[in-house]
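User: I'd like to learn how to read charged pairs and metal sites in a model. Can you walk me through it?

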Amino acid sequence: MSKFLYASIGRKFLMSVTGIFLLLFILVHLTLNLLLVFDDSGALYNQGAHFMVTNPAIKVMEPILALGFLIHILWSLFITWQNWRARPVRYKKQDLAAASSWASRNMLILGSLILVFLVIHLANFFWKIKVSGSPLLEEEIVAGSNMHNTYALVSTLFKESLPFCLLYILGACLLGLHITHGFWSAFQTIGFNNKNWLKRLKRVAWVYAIVVAAGFSVIPLYFIFKF
Amino acid sequence: MADKILKKLNIEVWRQNNAKSKGKFETYTIENISTGTSFLEMLDILNNDLIEKGIDPIAFDHDCREGICGTCSLYINGRPHGPDSAVTTCQLHMRKFKEGETITIEPWRAKAFPVIKDLVVNRSAFEQILQAGGFVSVNTGGVPDGNAILISHEDAEEAMDAASCIGCGACVAACKNSSAMLFVSAKVSHLAKLPQGRVEAKRRARNMVAKMDELGFGGCTNTQACEAECPKSISISNIARLNREYLAARFSE
Ligand code: HEM
Ligand code: SF4
Ligand code: FES
């Protein structure tokens with residue numbers, strides 16, 4: 001089995017499985033965070049966030065998610081390096097755009113930029129919520145139970161910093177680009193594809209990518225224009 | 001339509017004495033080439049010039065010159081088999097090029113396809129992959145009745161499409177990872193789609209992929225460049241089938 005994870009198709013299989021898992025996570029993450037724009041008092045969002053931190057299923061998923069990211073990132077470096085080694089002498093003149101999409105050729109670059117964003121993103125929110133704390137997070141009572149005012153933490157960042165808003169929009173677009181290729185590629189990798197499904201999967205990939213990019217962009221845009 | 005004459009072209013080409021020597025690019029000029037000339041004929045004409053000047057002619061692979069044997073190669077202006085689509089280099093014509101243009105010609109570049117001389121690379125890695133499982137093991141016996149096993153039209157068509165792979169290696173040359181997945185998937189598919197080949201499908205996929213990895217080809221990242229550059233337009237749906245067969249083989253172990 002360990003040989004499988006190092007074989008060409010095995011390596012790719014791991015990318016695909018973790019990629020699909022991350023795709024599902026991103027949809028849940030988007031749904032929850034869209035609550036930000038539906039209630040300016042923040043009660044709705046805080047309840048959502050409270051549900052996520054107290055729900056046992058989510059507690060179980062958190063380390064699995066971290067592991068999913070870790071494997072996806074480590075294996076992405078591993079396969080890119082392996083594939084790079086397969087051509088020791090490079091071409092002088094290459095016209096790659098004639099035959100393949102930009103995103104498909106630059107998944108590691110897109111992924112690495114997403115990773116940079118991810119680190120900043122975790123420092124902005126996750127770190128403050130879980131570790132360092134923040135005066136903005138002061139507990140409040142919503143619908144009879146005590147919870148952190150996560151809404152204050154998130155909305156303050158977007159209300160006060162245009163550069164951060166733009167960074168989050170950029171992050172959303174990079175992730176969208178990653179998904180335009182990643183979505184259908186993941187199904188191709190596990191063998192779920194044929195001549196008919198290729199067209200469908202590519203269409204769904206674009207829809208998924210646009211929903212993710214637009215969905216996450218809406219949040220900072222809302223705060224830019226509303227406040 | 002009458003052919004035009006390209007008065008002058010610059011040909012920038014990879015020259016390398018043998019597998020061990022370090023190669024480099026040389027640029028030659030060539031004059032008065034008809035647009036109706038095939039690309040390989042243009043190289044023949046250039047080679048005549050070079051021989052007259054006492055220069056070693058450029059070595060390149062070719063055989064049938066009608067797009068069926070898969071011997072010709074060449075990475076021309078950044079694309080395998082040049083700027084035309086769904087053709088081999090021997091079917092490429094000079095009408096695809098412009099007056100005064102510099103045409104860059106390189107050999108297939110892949111660790112598994114080492115250069116032998118100039119533009120000729122050693123593609124025996126493909127043979128080794130075929131030897132690892134690209135066949136149907138047959139026990140000899142009486143000739144079976146042709147209609148004894150029924151095959152649907154769709155299956156027959158898909159098998160034939162996959163079987164049209166001529167083993168040229170353009171897929172490897174086109175791929176940013178030098179992956180041989182399109183070739184291997186074509187060879188696995190044309191047998192897996194037919195009842196005689198079906199029997200060994202999983203074992204075949206596993207052994208051929210293992211050989212492919214061992215020989216130093218890269219892995220597939222689904223860029224689809226292979227399909228776009230393949231002279232026979234072999235579909236990447238074959239790669240999905242290979243993935244299926246391979247994963248099924250590994251998970252049933
Ligand atoms: C939430 C974030 C992410 C999602 C939803 C995601 C999703 C995906 C998916 C679905 C694939 C396709 C897998 C396949 O082709 O089989 C993929 C491929 C890839 N991912 Fe991500 N990914 C994310 C983050 C990252 C990060 C942080 C990196 C790394 C530094 C990264 C690097 C890559 C690379 C290099 C590939 C290409 C693999 C290949 O071309 O074969 N991804 N991703
Ligand atoms: S799949 Fe196409 S490009 Fe690859 S070897 Fe076969 S014919 Fe050539
Ligand atoms: S020489 Fe036979 S295919 Fe080109």
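Predicted model: local features only at pLDDT ≥ 70, side-chain atom pairs only at ≥ 80, totals over all residues.

User: Which side chain does B:Arg204 meet in a salt bridge?

Analyst: The general idea is that side chains of opposite charge can pair when their charged atoms come close. Here the partner is B:Glu200, at 3.9 Å from N to O. B:Glu200 is buried too, with a relative accessible area of 12%.

User: How many salt bridges does the structure hold over all chains?

Analyst: There are 18. One of them joins B:Arg79 and B:Glu229, with the closest N and O atoms 2.9 Å apart. That pair links distant parts of chain B: B:Arg79 sits in strand β4 and B:Glu229 in helix α8, 150 residues apart. Both residues are buried.

User: Is B:Glu26 buried or partly exposed?

Analyst: Partly exposed, at 28% relative accessibility. B:Glu26 pairs with B:Lys24, the closest N and O atoms being 3.1 Å apart. You'll also find a network of salt bridges linking B:Asp155, B:Glu158, B:Lys193 and B:Arg241.

User: Now the metal. Which residues coordinate the iron atom of ligand 1?

Analyst: A:His72 and A:His178, each through NE2, at 2.0 to 2.1 Å. A:His72 lies in helix α4 of chain A and A:His178 in helix α8, so the pair ties together parts that are 106 residues apart in sequence.

How values were computed. Residues numbered from 1 in each chain as written. Chains lettered and ligands numbered in written order. Heavy atoms only, no water. Donors = N, O, S within 2.8 Å, 3.2 Å for Na, K, Ca; no water. Helix = DSSP H or I, 4+ residues; strand = E, 2+ residues; numbered from the N terminus. Salt bridge = Lys/Arg side-chain N within 4 Å of Asp/Glu carboxyl O. Buried < 20%, exposed > 50% of the residue type's maximum accessible area, 1.4 Å probe, protein only.
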